[in-house]
Amino acid sequence: MTGVRKCAHSGARKGRSMAKVKRPRRRQVHPVRSCAWCTHPVYGDAVTVTFPDKVQLTFHVACLDQYRAVMWPWAAR
Ligand SMILES: [Zn+2]
């Protein structure tokens with residue numbers, strides 16, 4: 001008897017705690033990424049480059065220019 005009650009009780013508690021778990025907010029603050037060039041956090045204006053191998057890098061707008069000049073000299077001009 002007691003065991004059954006205990007079991008039901010813990011089950012109810014579990015259900016309650018699970019019901020409490022909500023996603024914080026749909027509108028999450030955009031995660032701050034680090035610039036792949038200067039490693040400073042990128043707020044606001046950012047350029048995300050997706051490479052053919054599915055790697056995504058985030059740059060400041062200005063840093064992307066530098067990156068391109070160094071890494072893609074053929075494309076920079
Ligand atoms: Zn940067």
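Q: How many helices and strands does the protein have?
A: The model is predicted: local features need pLDDT of at least 70, side-chain atom pairs count only at pLDDT 80 or more, and totals for chains, interfaces and linings use all residues. Residues are numbered from 1 along each chain as its sequence is written. Helices (H or I, at least four residues) and strands (E, at least two) are DSSP runs, numbered from the N terminus. The protein has three helices and four strands.

Q: Is Thr39 buried or exposed?
A: Thr39 lies in the loop between β1 (33-34) and β2 (41-42). Its phi is positive, about 65°, although Thr39 is not a glycine. A residue is buried with 20 or more other C-beta atoms within 10 Å of its own, exposed with 12 or fewer, and partly exposed in between; C-beta atoms are placed from the backbone. Thr39 has 9 C-beta neighbours inside 10 Å, so it counts as exposed.

Q: Which loop holds Lys54?
A: Lys54 is not a glycine, yet has a positive phi of about 70°. Lys54 has 6 other C-beta atoms within 10 Å, so it is exposed. Its place is the loop between β3 (47-50) and β4 (56-59).

Q: What percentage of the residues in the protein is buried?
A: The protein has 77 residues. Buried residues make up 8%.
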